[in-house]
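My entries are below the display.

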Amino acid sequence: MATASALDKSVPEKLAPPLDATADQPPLFDGTTKLYTCYTCPFAQRVWITRNFKGLQDEIKLVPLILQNRPAWYQEKVYPPNKVPSLEHNGKITGESLDLIKYLESNFEGPSLLPKDPAKKEFAEELFSYTDKFNGTVYTAFKGDLAKEAGPAFDHLENALHKFDDGPFFLGKEFSLVDIAYIPFVERFNIFLPEVFKYDITAGRQKLAAWIEEVNKIEAYKQTKTDPKELVEFYKKRFLA
């Protein structure tokens, strides 16, 4: 069985500078598939990783935005909810990161990121449905008793990683959309919580630690990682000010 790294179709990419409120709008519905994104947004990162892993860098063009100073045309002419990510494909714009990673899986070529095994498919849906609760629990705990309030959320991931013992990922040996759904947020918590709260999310959670290590070997993900120093400063201002 090929490893996730061997299946990874990602290639190094020179990233375009992000667009601010003064930038001109790229042509809409010109036949180019575009992913409207933000390099520092964890929701958008999910779709970016999926695109990279499937080797779609030439097929899906990144249109990065500066969210703090985003262009007016994005809401007015592209995506009225005014959030990222959104995808321009086949004459329409769609959004919501979990929907989009499944859309890329269903509508584009590249290595499969969902299993055929029915038990694993069912578990994947369970874990997709838990993502919002996981994120919300941890972010809320920033203002409370972190270990007590966020601990059970990280324990949930640790326990989930015990479900299939044929590999280090949530669905066992296959790196999947489930890993992609969680890693942008776990990445941020694994930077911010030890730095600010002295809370190690991997302490006593060997499977979680091993999972983070394995995902960090995947080029498609490594190219999307956020800058740790910038993240800590941003989260301090956003959540602790």
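Entry one, the model. I note that this is a predicted model.

Entry two, the helix pair. I looked up how helix H4 (residues 97-107) lies against helix H5 (residues 118-141). Their axes come within 11 Å and cross at roughly 150°. Angles over 145 degrees count as roughly antiparallel, so H4 is roughly antiparallel to H5. I then listed the residues that make the contact. H4 contributes Leu-98, Ile-101 and Lys-102, and H5 contributes Glu-125, Phe-128 and Thr-131. By class, I have three nonpolar, one polar and two charged residues in this contact.

Which residues of H4 are buried? I found Ser-97, Leu-98, Leu-100, Ile-101, Tyr-103, Leu-104 and Glu-105. The buried residues of H4 pack against helices H2 (42-53), H5 and H7 (177-197), and against strands E2 (60-64), E3 (86-89) and E4 (92-95).

I went to helix H2 next, where Gln-45 has its place. Is Gln-45 buried or exposed? Its relative accessible area is 1%. Buried means under 20%, so I record Gln-45 as buried. The side chain of Gln-45 makes a polar contact with the side chain of Thr-224, at 2.9 Å. Leaving aside neighbours within four places in sequence, I list Pro-184, Glu-187, Arg-188, Tyr-221, Thr-224 and Lys-225 as the residues in contact with Gln-45.

Methods. Residues are numbered from 1 along each chain as its sequence is written. This is a predicted model: local features need pLDDT of at least 70, side-chain atom pairs count only at pLDDT 80 or more; totals for chains, interfaces and linings use all residues. Side-chain values use heavy atoms; hydrogens and water are left out. Axes are lines fitted to C-alpha atoms, for helices over the stretch in contact, and angles run from 0 to 180 degrees between N-to-C directions. Helices (H or I, at least four residues) and strands (E, at least two) are DSSP runs, numbered from the N terminus. Angles under 35 degrees count as roughly parallel, over 145 as roughly antiparallel, 65 to 115 as roughly perpendicular and the rest as oblique. Contact means heavy atoms within 4.5 Å. Ala, Val, Leu, Ile, Met, Phe, Trp, Tyr, Cys and Pro count as nonpolar, Asp, Glu, Lys and Arg as charged, and the others, Gly among them, as polar. Buried means under 20% relative accessible area, exposed over 50%, partly exposed in between (1.4 Å probe, protein chains only). A polar contact is a pair of N or O atoms within 3.5 Å; within protein, one must be able to donate a hydrogen and the other to accept it, and residues adjacent in sequence count only if both atoms are side-chain atoms.
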